[in-house]
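Hi,

Here is the structure I promised to pass on.

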Amino acid sequence: MSSVDVSRSVTVPELRAAKARGAKLAVVTAYDYTSAKLCDAAGVDAILVGDSLGMVVQGHPTSLPVTLDEMIYHTKCVVRGVKRALVVADMPFLTYQVSPRQAVKNAGRLLKEAGAHAVKLEGGVRMRATVKACIDAGIPVMGHVGLTPQAVHQLGGFKVQRDGVALLADAIAVEEAGAFSVVVESVPAAIGAEITAAVKIPTIGIGAGVNCDGQVLVFHDMMGLFPDFKPKFAKRYVDLGSAVKQAVETYCKEVREGAFPAVEHSFR
Ligand code: KIV
């Protein structure tokens, strides 16, 4: 079944309602104008400006160093490239965990200054009041449960999360607080299916099995652009990394041999 109407902009209520229609949602991350424009033109339902940019764009080992100003900068770039998809911006580490008040103030900046349509924040039961405070302020929230990468040190690494009871409670808490959808990351497929059956909002899986209501992939993972690490759950749809390396090698050779620029690249 096709997901949302491809001829106009995707809205938060429309994305939420997709589940009742049995429509599967396709979400990707993007961090800049050009990739966002390509993903939007390809028909994704939502673009997540993920704080994974800390790793795939900035080269950090985790997303923890990413700042709110950096998220605002990247979200602005993405928003300029998008005509149709819903743009969701990640709230970076320590911009919402301190208090619901802090969360509203910072989430507000992502909508007001950067032009995001919604924010995503990590955590379930312990983030209930924070999610609710944002919703009460008119800020749509996408939840994120399972492996929550900002808690990587507390979790002891980027590990599959297997406590089904706690994970279900987290997803339900996020739904009850008013989130319009929830990312479920790195959980066994059976738990992904159980959460999806238990909540009315769409679950967006990443390493959570086929039964989620939608899927999200990190742009660099699906394009083969991130050489450092390939998560088991990431499917590489194209090997752009090799193509880019080969193109640059050819360019270097042509410059050194005087084959580039040719006549057609030169002004008379
Ligand atoms: O930061 C990110 O890209 C994410 C996705 C992996 C869901 O949170």
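In helix α6, which spans residues 128–136, the buried residues are T130, V131 and C134. Buried here means under 20% relative accessible area, exposed means over 50%, and partly exposed is in between (1.4 Å probe, protein chains only). Because they cover an arc of only 100 degrees around the axis, these three sit on the same side of α6; the arc is taken from the directions from the helix axis to the C-beta atoms. On the face turned away from that buried side, α6 carries the exposed residues A129 and D136. The cover over the buried residues includes α5 (100–112), β5 (141–146) and α8 (164–177), with contact meaning heavy atoms within 4.5 Å. Helices (H or I, at least four residues) and strands (E, at least two) are DSSP runs, numbered from the N terminus. Just after α6, G138 has a positive phi of about 85 degrees.

This is a predicted model, in which local features need pLDDT of at least 70 and side-chain atom pairs count only at pLDDT 80 or more, while totals for chains, interfaces and linings use all residues. Residues are numbered from 1 along each chain as its sequence is written, and side-chain values use heavy atoms, leaving out hydrogens and water.

On cysteines, a disulfide is a pair of cysteine sulfur atoms within 2.5 Å, and the count by this rule is 0. For C39, the nearest cysteine sulfur is that of C77, 14 Å away. C39 is buried, at 7% relative accessible area, whereas C252 is partly exposed, at 24%.

Best wishes
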